[in-house]
Amino acid sequence: MIFYILTIINLLTFFVFFADKRKAIKHQRRISENRLLMLSFFGGSLGAGIGMLIFRHKISKKIFLVKFFGILVLQIILVSRLK
């Protein structure tokens, strides 16, 4: 069950990164960085990472990357403690 939930969250996060990149290109109102990070925090970090690489989105914003990798480290610690 958890696998399906994480799959859905990661797909959603991936497409949100895609949508934000399109909005950036079209100079439209953007999706907030907090929302992008929140999706990553709640299980969408794989989808966010893949979206960042494929769409080359948010990869030059150092503070965003620091926060994103902080979330990854926190998730790795939490998962390792569950075992």
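Predicted model: local features only at pLDDT ≥ 70, side-chain atom pairs only at ≥ 80, totals over all residues.
Arg30 sits in the loop between α1 (2–25) and α2, while Asp20 belongs to helix α1; the two are 10 residues apart, and their pairing links distant parts of the chain.

The structure holds three salt bridges. For the others, select Glu33, Lys58 and Lys61, which are linked in a network of salt bridges. Between Glu33 and Lys58, the closest N and O atoms are 3.1 Å apart. Glu33 lies in helix α2 and Lys58 in the loop between α2 and α3, so this pair ties together parts 25 residues apart in sequence. Lys58 counts as buried, at 11% relative accessibility.

Next, display Glu33 with Lys61, where the closest N and O atoms of the salt bridge are 2.5 Å apart. Lys61 is also in the loop between α2 and α3, so the bridge joins parts 28 residues apart in sequence. Lys61 is partly exposed, at 38% relative accessible area.

Finally, select helix α2 (residues 33–55) and helix α3 (residues 62–82). Their axes come within 10 Å and cross at roughly 80 degrees; the helices are therefore roughly perpendicular to each other. Residues of α2 including Glu33, Leu37, Phe41 and Met52 meet residues of α3, among them Phe64, Phe68, Ile71 and Gln75. By class, this contact has 11 nonpolar, five polar and two charged residues.

Methods
Residues numbered from 1 in each chain as written. Heavy atoms only, no water. Axes fitted to C-alpha atoms, helices over the stretch in contact; angles between N-to-C directions. Helix = DSSP H or I, 4+ residues; strand = E, 2+ residues; numbered from the N terminus. Parallel < 35°, antiparallel > 145°, perpendicular 65-115°, else oblique. Contact = heavy atoms within 4.5 Å. Nonpolar A, V, L, I, M, F, W, Y, C, P; charged D, E, K, R; others polar. Salt bridge = Lys/Arg side-chain N within 4 Å of Asp/Glu carboxyl O. Buried < 20%, exposed > 50% of the residue type's maximum accessible area, 1.4 Å probe, protein only.
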